[in-house]
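Please read the following note alongside the sequence and the model. The points are arranged by topic.

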Amino acid sequence: MMGELKDLLIIPHIKIHNANALSSPFTIGFPAMTAWLGAVHALQRKLNDRDIAVIFSATGVVSHDMELQTYKGDNDFVHSIIGTGNPLDKTGERSAFIEEARCHLDVSLVIQLDKSIELEDFDHLITNIEHLLHSSMKMAGGDIEEFKTPFYLNVKDGDSVDMARVKRALMPGYALIERRELMIDAMEKGMDALDALIDYLAIHHRCEIDDEDNITWTSHRKTRNNEPVGWLVPVATGFHGISDLGEAKNQRDAETPHRFAESVVTLGEFKMLHRIQYVEDILWRYGTDGDLYLCQQKNQSPQSSKLNPADHTIESEF
(Lines give C-alpha, C1' and ligand atoms only; values in the text may rest on other atoms or scores of the structure.)
Protein backbone atom coordinates (compact mmCIF):
# COMPACT_ATOMS: atom_id res chain seq x y z
CA MET A 1 0.00 0.00 0.00
CA MET A 2 1.34 3.40 -0.97
CA GLY A 3 2.28 5.58 1.99
CA GLU A 4 2.85 2.66 4.36
CA LEU A 5 6.05 2.24 6.33
CA LYS A 6 8.40 -0.40 4.98
CA ASP A 7 11.36 -2.07 6.64
CA LEU A 8 13.96 -2.61 3.93
CA LEU A 9 17.13 -4.67 3.93
CA ILE A 10 19.41 -3.57 1.10
CA ILE A 11 22.29 -5.76 -0.04
CA PRO A 12 24.24 -3.48 -2.40
CA HIS A 13 26.48 -4.35 -5.33
CA ILE A 14 26.52 -8.14 -5.23
CA LYS A 15 29.02 -9.25 -7.86
CA ILE A 16 28.05 -12.64 -9.28
CA HIS A 17 30.27 -14.75 -11.53
CA ASN A 18 28.77 -17.12 -14.12
CA ALA A 19 25.09 -16.64 -13.31
CA ASN A 20 22.56 -18.57 -15.37
CA ALA A 21 21.62 -16.44 -18.37
CA LEU A 22 19.34 -19.06 -19.94
CA SER A 23 16.36 -17.51 -18.20
CA SER A 24 13.73 -19.63 -19.98
CA PRO A 25 13.63 -22.33 -22.68
CA PHE A 26 13.62 -19.68 -25.43
CA THR A 27 15.19 -16.51 -23.98
CA ILE A 28 18.75 -15.63 -23.01
CA GLY A 29 19.78 -12.67 -20.91
CA PHE A 30 19.07 -11.41 -17.41
CA PRO A 31 18.32 -14.28 -14.97
CA ALA A 32 14.70 -15.16 -14.26
CA MET A 33 12.84 -13.50 -11.39
CA THR A 34 12.34 -16.96 -9.89
CA ALA A 35 16.11 -17.13 -9.43
CA TRP A 36 16.22 -13.90 -7.40
CA LEU A 37 13.19 -14.59 -5.23
CA GLY A 38 14.40 -18.15 -4.75
CA ALA A 39 17.80 -16.95 -3.55
CA VAL A 40 16.20 -14.52 -1.08
CA HIS A 41 13.86 -17.25 0.20
CA ALA A 42 16.83 -19.60 0.62
CA LEU A 43 18.63 -16.88 2.59
CA GLN A 44 15.58 -16.47 4.85
CA ARG A 45 15.40 -20.21 5.52
CA LYS A 46 19.09 -20.37 6.41
CA LEU A 47 18.61 -17.45 8.80
CA ASN A 48 15.55 -19.11 10.35
CA ASP A 49 17.64 -22.26 10.91
CA ARG A 50 19.95 -20.05 12.97
CA ASP A 51 16.99 -18.95 15.14
CA ILE A 52 16.73 -15.54 13.49
CA ALA A 53 12.97 -15.06 13.11
CA VAL A 54 12.89 -12.84 10.05
CA ILE A 55 10.50 -12.98 7.08
CA PHE A 56 11.44 -11.64 3.63
CA SER A 57 8.12 -10.88 1.92
CA ALA A 58 9.18 -9.07 -1.28
CA THR A 59 12.29 -8.50 -3.36
CA GLY A 60 13.41 -5.80 -5.78
CA VAL A 61 16.32 -6.29 -8.18
CA VAL A 62 18.48 -3.38 -9.35
CA SER A 63 21.03 -4.07 -12.08
CA HIS A 64 24.23 -2.03 -12.15
CA ASP A 65 26.15 -4.04 -14.73
CA MET A 66 25.73 -7.20 -16.78
CA GLU A 67 28.26 -8.93 -19.01
CA LEU A 68 26.69 -11.65 -21.14
CA GLN A 69 29.21 -14.32 -22.08
CA THR A 70 28.72 -14.34 -25.84
CA TYR A 71 30.94 -13.63 -28.84
CA LYS A 72 30.29 -12.24 -32.31
CA GLY A 73 33.03 -12.19 -34.93
CA ASP A 74 33.45 -9.51 -37.59
CA ASN A 75 31.57 -11.49 -40.24
CA ASP A 76 29.18 -13.36 -37.95
CA PHE A 77 25.43 -12.79 -38.20
CA VAL A 78 24.56 -14.11 -34.73
CA HIS A 79 26.29 -14.27 -31.36
CA SER A 80 27.76 -17.50 -30.06
CA ILE A 81 27.80 -18.67 -26.45
CA ILE A 82 31.22 -18.71 -24.83
CA GLY A 83 31.43 -22.21 -23.36
CA THR A 84 33.52 -23.62 -20.54
CA GLY A 85 36.37 -26.08 -20.92
CA ASN A 86 35.05 -29.13 -19.09
CA PRO A 87 37.57 -31.71 -17.79
CA LEU A 88 38.21 -34.98 -19.60
CA ASP A 89 36.13 -38.00 -18.65
CA LYS A 90 37.53 -41.26 -17.22
CA THR A 91 38.42 -42.51 -20.71
CA GLY A 92 40.44 -39.40 -21.49
CA GLU A 93 37.88 -38.10 -23.98
CA ARG A 94 36.30 -34.69 -23.98
CA SER A 95 32.91 -34.90 -22.25
CA ALA A 96 29.70 -34.09 -24.13
CA PHE A 97 29.32 -30.35 -24.62
CA ILE A 98 26.13 -28.76 -23.36
CA GLU A 99 25.77 -25.07 -24.10
CA GLU A 100 25.25 -23.08 -20.92
CA ALA A 101 24.54 -19.38 -21.28
CA ARG A 102 26.32 -17.45 -18.53
CA CYS A 103 26.66 -13.84 -17.43
CA HIS A 104 28.58 -11.80 -14.88
CA LEU A 105 26.42 -9.44 -12.83
CA ASP A 106 26.57 -6.53 -10.44
CA VAL A 107 23.17 -6.23 -8.75
CA SER A 108 21.63 -4.84 -5.58
CA LEU A 109 18.72 -6.50 -3.77
CA VAL A 110 15.99 -4.54 -2.00
CA ILE A 111 14.27 -6.89 0.46
CA GLN A 112 11.15 -6.06 2.45
CA LEU A 113 11.08 -7.43 6.00
CA ASP A 114 7.59 -8.30 7.21
CA LYS A 115 8.67 -9.55 10.62
CA SER A 116 11.40 -7.15 11.61
CA ILE A 117 13.86 -7.92 14.38
CA GLU A 118 14.75 -5.39 17.04
CA LEU A 119 17.21 -2.77 15.87
CA GLU A 120 19.74 -3.78 18.52
CA ASP A 121 19.77 -7.27 16.96
CA PHE A 122 20.27 -5.98 13.43
CA ASP A 123 24.05 -6.20 13.65
CA HIS A 124 23.62 -9.89 14.46
CA LEU A 125 21.41 -10.30 11.37
CA ILE A 126 23.94 -8.53 9.13
CA THR A 127 26.79 -10.66 10.47
CA ASN A 128 24.89 -13.86 9.67
CA ILE A 129 23.88 -12.63 6.20
CA GLU A 130 27.48 -11.79 5.37
CA HIS A 131 28.65 -15.19 6.58
CA LEU A 132 26.01 -17.05 4.55
CA LEU A 133 26.63 -15.08 1.36
CA HIS A 134 30.36 -15.65 1.64
CA SER A 135 30.26 -19.31 2.58
CA SER A 136 27.28 -21.33 1.40
CA MET A 137 25.11 -19.51 -1.12
CA LYS A 138 24.80 -18.98 -4.84
CA MET A 139 22.59 -16.51 -6.65
CA ALA A 140 20.98 -17.26 -10.00
CA GLY A 141 23.30 -20.26 -10.22
CA GLY A 142 26.42 -18.07 -10.03
CA ASP A 143 29.17 -17.64 -7.47
CA ILE A 144 29.08 -14.59 -5.21
CA GLU A 145 32.45 -12.88 -5.49
CA GLU A 146 31.87 -9.87 -3.27
CA PHE A 147 29.23 -7.45 -1.98
CA LYS A 148 29.03 -4.29 0.05
CA THR A 149 27.82 -4.30 3.64
CA PRO A 150 24.02 -4.80 3.89
CA PHE A 151 22.10 -2.08 5.69
CA TYR A 152 18.60 -1.29 6.97
CA LEU A 153 16.21 1.49 5.94
CA ASN A 154 12.79 2.32 7.31
CA VAL A 155 10.93 4.33 4.69
CA LYS A 156 7.46 5.69 4.09
CA ASP A 157 6.53 4.55 0.61
CA GLY A 158 6.11 7.53 -1.70
CA ASP A 159 7.68 10.06 0.65
CA SER A 160 10.11 12.11 -1.44
CA VAL A 161 12.76 12.36 1.29
CA ASP A 162 12.68 8.62 2.01
CA MET A 163 12.69 7.76 -1.70
CA ALA A 164 15.75 9.99 -2.12
CA ARG A 165 17.51 7.88 0.54
CA VAL A 166 16.69 4.69 -1.36
CA LYS A 167 17.79 6.14 -4.69
CA ARG A 168 21.08 7.41 -3.27
CA ALA A 169 21.81 3.92 -2.01
CA LEU A 170 21.12 2.28 -5.38
CA MET A 171 22.03 4.79 -8.10
CA PRO A 172 23.19 4.42 -10.78
CA GLY A 173 21.14 1.36 -11.61
CA TYR A 174 18.10 -0.01 -13.38
CA ALA A 175 15.21 -1.65 -11.54
CA LEU A 176 13.46 -4.53 -13.29
CA ILE A 177 9.68 -4.02 -13.36
CA GLU A 178 6.86 -5.97 -14.99
CA ARG A 179 5.19 -4.69 -18.17
CA ARG A 180 2.61 -7.41 -18.70
CA GLU A 181 -0.04 -4.81 -19.54
CA LEU A 182 1.66 -4.25 -22.91
CA MET A 183 1.12 -7.90 -23.77
CA ILE A 184 -2.48 -7.79 -22.59
CA ASP A 185 -3.24 -4.71 -24.71
CA ALA A 186 -1.70 -6.27 -27.81
CA MET A 187 -3.54 -9.56 -27.37
CA GLU A 188 -6.86 -7.83 -26.75
CA LYS A 189 -6.41 -6.42 -30.25
CA GLY A 190 -6.11 -9.96 -31.65
CA MET A 191 -2.36 -10.46 -31.70
CA ASP A 192 -0.85 -13.83 -30.80
CA ALA A 193 1.13 -13.85 -27.53
CA LEU A 194 4.49 -14.73 -29.04
CA ASP A 195 3.98 -12.26 -31.89
CA ALA A 196 3.13 -9.54 -29.37
CA LEU A 197 6.29 -10.28 -27.39
CA ILE A 198 8.50 -10.14 -30.47
CA ASP A 199 6.70 -7.05 -31.80
CA TYR A 200 7.72 -5.02 -28.75
CA LEU A 201 11.29 -6.35 -28.74
CA ALA A 202 12.04 -6.07 -32.46
CA ILE A 203 14.19 -3.22 -33.80
CA HIS A 204 13.02 -2.02 -37.22
CA HIS A 205 15.54 -0.55 -39.67
CA ARG A 206 14.57 1.72 -42.55
CA CYS A 207 16.63 2.96 -45.47
CA GLU A 208 15.88 6.22 -47.30
CA ILE A 209 17.58 7.55 -50.45
CA ASP A 210 17.34 11.23 -51.31
CA ASP A 211 17.50 12.85 -54.75
CA GLU A 212 21.31 12.90 -54.63
CA ASP A 213 21.46 9.16 -53.87
CA ASN A 214 22.54 9.75 -50.29
CA ILE A 215 21.50 6.84 -48.08
CA THR A 216 20.15 7.39 -44.57
CA TRP A 217 19.43 4.56 -42.18
CA THR A 218 17.03 4.98 -39.26
CA SER A 219 16.00 2.56 -36.52
CA HIS A 220 12.94 2.48 -34.30
CA ARG A 221 11.02 0.22 -31.93
CA LYS A 222 7.31 -0.16 -31.33
CA THR A 223 5.66 2.69 -29.43
CA ARG A 224 2.45 2.89 -27.40
CA ASN A 225 0.17 5.83 -28.17
CA ASN A 226 3.15 7.38 -29.99
CA GLU A 227 5.16 7.33 -26.74
CA PRO A 228 8.32 5.27 -26.12
CA VAL A 229 7.68 2.18 -24.00
CA GLY A 230 11.09 2.01 -22.33
CA TRP A 231 13.93 -0.51 -22.30
CA LEU A 232 11.92 -3.72 -22.71
CA VAL A 233 13.26 -7.24 -22.22
CA PRO A 234 11.68 -10.70 -22.03
CA VAL A 235 11.65 -11.94 -18.44
CA ALA A 236 10.75 -15.33 -16.96
CA THR A 237 8.40 -14.80 -14.03
CA GLY A 238 7.30 -18.25 -12.91
CA PHE A 239 5.93 -21.61 -13.96
CA HIS A 240 2.72 -23.12 -15.32
CA GLY A 241 1.80 -26.63 -14.20
CA ILE A 242 1.19 -29.01 -17.13
CA SER A 243 0.48 -32.21 -15.21
CA ASP A 244 -1.53 -33.25 -12.18
CA LEU A 245 0.02 -33.34 -8.72
CA GLY A 246 1.41 -36.78 -7.95
CA GLU A 247 4.56 -38.81 -7.64
CA ALA A 248 7.42 -39.15 -10.11
CA LYS A 249 10.17 -41.73 -10.27
CA ASN A 250 13.34 -40.59 -8.49
CA GLN A 251 11.86 -37.26 -7.41
CA ARG A 252 14.12 -35.35 -5.01
CA ASP A 253 11.60 -34.89 -2.20
CA ALA A 254 9.46 -37.96 -1.57
CA GLU A 255 7.20 -36.04 0.85
CA THR A 256 6.16 -33.29 -1.57
CA PRO A 257 3.75 -33.87 -4.50
CA HIS A 258 5.40 -33.53 -7.89
CA ARG A 259 4.19 -32.02 -11.15
CA PHE A 260 5.73 -31.06 -14.47
CA ALA A 261 5.78 -27.37 -15.34
CA GLU A 262 6.98 -24.99 -18.04
CA SER A 263 8.26 -21.45 -17.86
CA VAL A 264 6.08 -18.35 -17.77
CA VAL A 265 7.50 -15.45 -19.79
CA THR A 266 6.33 -11.87 -20.17
CA LEU A 267 7.72 -8.41 -20.85
CA GLY A 268 9.78 -6.52 -18.30
CA GLU A 269 11.39 -3.10 -18.31
CA PHE A 270 14.70 -1.90 -16.93
CA LYS A 271 13.78 1.46 -15.45
CA MET A 272 16.26 4.05 -14.21
CA LEU A 273 15.81 4.59 -10.49
CA HIS A 274 15.31 8.35 -10.72
CA ARG A 275 11.98 7.57 -12.46
CA ILE A 276 10.74 5.39 -9.59
CA GLN A 277 8.35 7.14 -7.20
CA TYR A 278 7.35 4.25 -4.91
CA VAL A 279 9.39 1.40 -3.46
CA GLU A 280 6.41 -0.88 -4.09
CA ASP A 281 6.85 -0.33 -7.84
CA ILE A 282 10.08 -2.35 -7.87
CA LEU A 283 9.11 -5.11 -5.41
CA TRP A 284 8.22 -8.63 -6.62
CA ARG A 285 6.22 -11.14 -4.56
CA TYR A 286 5.21 -14.77 -4.85
CA GLY A 287 1.67 -15.48 -6.05
CA THR A 288 -0.34 -18.50 -7.15
CA ASP A 289 -3.47 -18.77 -9.26
CA GLY A 290 -4.59 -22.31 -10.03
CA ASP A 291 -1.85 -23.91 -12.10
CA LEU A 292 0.22 -20.70 -12.19
CA TYR A 293 3.14 -20.17 -9.80
CA LEU A 294 4.29 -16.60 -10.29
CA CYS A 295 6.64 -13.86 -9.26
CA GLN A 296 4.58 -10.73 -9.77
CA GLN A 297 4.10 -7.12 -8.76
CA LYS A 298 1.10 -5.70 -6.95
CA ASN A 299 0.04 -3.49 -9.83
CA GLN A 300 -0.34 -6.55 -12.08
CA SER A 301 -3.25 -8.99 -12.15
CA PRO A 302 -2.55 -12.75 -12.15
CA GLN A 303 -5.16 -13.19 -14.88
CA SER A 304 -3.87 -12.87 -18.44
CA SER A 305 -3.66 -14.60 -21.77
CA LYS A 306 -1.84 -17.83 -22.58
CA LEU A 307 0.43 -18.93 -25.37
CA ASN A 308 -1.15 -21.67 -27.45
CA PRO A 309 0.78 -24.95 -27.06
CA ALA A 310 0.37 -25.52 -30.78
CA ASP A 311 2.44 -22.41 -31.42
CA HIS A 312 5.27 -23.29 -29.06
CA THR A 313 6.47 -25.94 -26.63
CA ILE A 314 5.10 -24.15 -23.56
CA GLU A 315 1.80 -22.78 -22.37
CA SER A 316 2.93 -19.51 -20.87
CA GLU A 317 1.07 -16.69 -19.22
CA PHE A 318 1.82 -13.29 -20.69
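**Note on the predicted model**

1. The side chains of His 64 and Ser 108 are joined by a polar contact of 2.6 Å. A polar contact is a pair of N or O atoms within 3.5 Å; within protein, one must be able to donate a hydrogen and the other to accept it, and residues adjacent in sequence count only if both atoms are side-chain atoms.

2. This is a predicted model, in which local features need pLDDT of at least 70 and side-chain atom pairs count only at pLDDT 80 or more, while totals for chains, interfaces and linings use all residues. Residues are numbered from 1 along each chain as its sequence is written, and side-chain values use heavy atoms, with hydrogens and water left out.

3. His 64 belongs to strand 2 (residues 55-68). Apart from neighbours within four places in sequence, His 64 is in contact (heavy atoms within 4.5 Å) with His 13, Asp 106, Val 107, Ser 108, Leu 170, Pro 172 and Gly 173.

4. The chain contains five helices and 15 strands; these are DSSP runs (helices H or I, at least four residues; strands E, at least two), numbered from the N terminus.

5. Helix 5 spans residues 193-201, and its buried residues are Ala 193, Leu 194, Ala 196, Leu 197, Asp 199 and Tyr 200. Buried means under 20% relative accessible area (1.4 Å probe, protein chains only). The cover over these buried residues includes helix 4 (180-188) and strand 10 (203-209).

6. Of the chain's 318 residues, 42% count as buried.

How values were computed:
Buried < 20%, exposed > 50% of the residue type's maximum accessible area, 1.4 Å probe, protein only.
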